[in-house]
Amino acid sequence: MNGTDIVLDVQGLTVDIATPRGALHAVRDVSFQVRRGETLCLVGESGCGKSMTSLAIMGLLPKAARRNTRRLAVLGEDLSKARGRRINALRGSKMAMIFQEPMTALNPAYAIGEQLTEHYIHHRGASSQQARDRAVELLEKVGIASAGQRLAQYPHQLSGGLRQRVMIAMALMCGPELLIADEPSTALDVTIQAQILRLLADLQAELGIAMVLITHDLGVVARIARQVAVMYAGQIVEEGPVADIFSAPRHPYTQGLLGCIPVPGRSAPGEALGTIPGVVPSLVGELRGCAFADRCAYAQAQCLTAVPIHGQPPGQQWRCILGAEGVPA
Ligand code: SF4
């Protein structure tokens, strides 16, 4: 691996949303990189900023939101300066997004064949036949039988699982190098969830793309990713290799999250699962020190001032006063 393997480079990303009570700091100084062929999971409770992070990368934030960043680059191209047609072109060709609810992205008024081929014709200058062939190839790749006949169907004629497969095929049409999947299986029933996640993992490995997978489910992280970033209150509080973080979580919030799910090798059979007491703090107005302090059993006065980051990439890093030994370092 070297610098040229970096597909997505995010440094110092913040997203503020104007509210009548002041700015809501939805994403706070978030930095990470994703390399070719790598999957990074952004994990956290709802409202922690993970979806806002993905929308900020894609340039799809709501109007009331303002993005600031020291660096936001895909394949070396600075996205913070890309506007209008250029950002549309990048979204169509180099990066693509899969949403939790496929109907967010699928237009109910058009047959899926039209929706699959439109961008390909536009961005690749392909003929209708070439685009149709590509659509059939990808529908088959995502496991849709009778792909040619499906092209004439409308989204409402497909099940939720099939719609999500169509969304994945649509995202892959132009051969993106970065795929952002925001809770892609959450709206589906459990069996279909597993199939969609397996499909994404297989496609990611086969195509060698960089993937950011957003989820609230640590079970998904364990199955899919090698790298994980745990978000809380708009910040990454711990990140690094999944194996390291699952075996020795350093941040009390990560420890709490892992205590809420059965983890092979960590949880004894029949062991009661935990909960994290308290609620996520308001992100409106000035925020000082550690946002987890109200819920943390180890909180002390210094947590309310500056909180250091321990560890070095590519290893485990965490934002806490506690060092690797579990005491203030
Ligand atoms: Fe807990 Fe303090 Fe660490 Fe925050 S900085 S997680 S309050 S020990």
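How many residues apart do aspartate 202 and arginine 198 lie in helix H7? They are four residues apart, about one turn of the helix. The views below show this predicted model, in which local features need pLDDT of at least 70, side-chain atom pairs count only at pLDDT 80 or more, and totals for chains, interfaces and linings use all residues. Residues are numbered from 1 along each chain as its sequence is written, and side-chain values use heavy atoms, with hydrogens and water left out.

**View A. Aspartate 202 pairs with arginine 198 in helix H7.** Their side chains form a salt bridge, 3.4 Å from N to O. The term requires a side-chain nitrogen of Lys or Arg within 4 Å of a carboxyl oxygen of Asp or Glu. Helices are DSSP runs (H or I, at least four residues), as are strands (E, at least two), numbered from the N terminus. Aspartate 202 is partly exposed at 42% relative accessible area. Arginine 198 is partly exposed too, at 46%. Buried means under 20% relative accessible area, exposed over 50%, and partly exposed in between (1.4 Å probe, protein chains only).

**View B. Lysine 50 meets glutamate 183 in a salt bridge.** The N to O distance is 3.9 Å. Lysine 50 belongs to helix H1 (residues 50-58), and glutamate 183 to the loop between strand E8 (178-182) and helix H7 (190-207), so the pair ties together parts 133 residues apart in sequence. Lysine 50 is buried, at 5% relative accessibility. Glutamate 183 is buried at 8%.

**View C. Arginine 86 forms a salt bridge with glutamate 77.** The closest N and O atoms are 2.7 Å apart. Arginine 86 is partly exposed at 37%, and glutamate 77 at 23%. The structure holds 10 salt bridges.

**View D. The ligand sits in the largest cavity.** To sit there, more than half of its atoms must lie within 2 Å of the grid points. A cavity is a set of points on a 1 Å grid over the protein atoms alone, where a 1.4 Å probe fits but cannot get out; lining residues have an atom within 4 Å of a point. The structure holds one cavity of 30 Å³ or more. The largest has about 80 Å³ of space, a volume filled by probe spheres set on points joined across faces, edges and corners. Its lining includes His251, Cys303 and Val307. The lining divides into 11 nonpolar residues, one polar and no charged. Ala, Val, Leu, Ile, Met, Phe, Trp, Tyr, Cys and Pro count as nonpolar, Asp, Glu, Lys and Arg as charged, and the others, Gly among them, as polar.

How values were computed. On a 1 Å grid over the protein atoms alone, a cavity is a set of points where a 1.4 Å probe fits but cannot get out, and a pocket is an open set with protein on both sides within 12 Å along at least five of seven lines; lining residues have an atom within 4 Å of a point.
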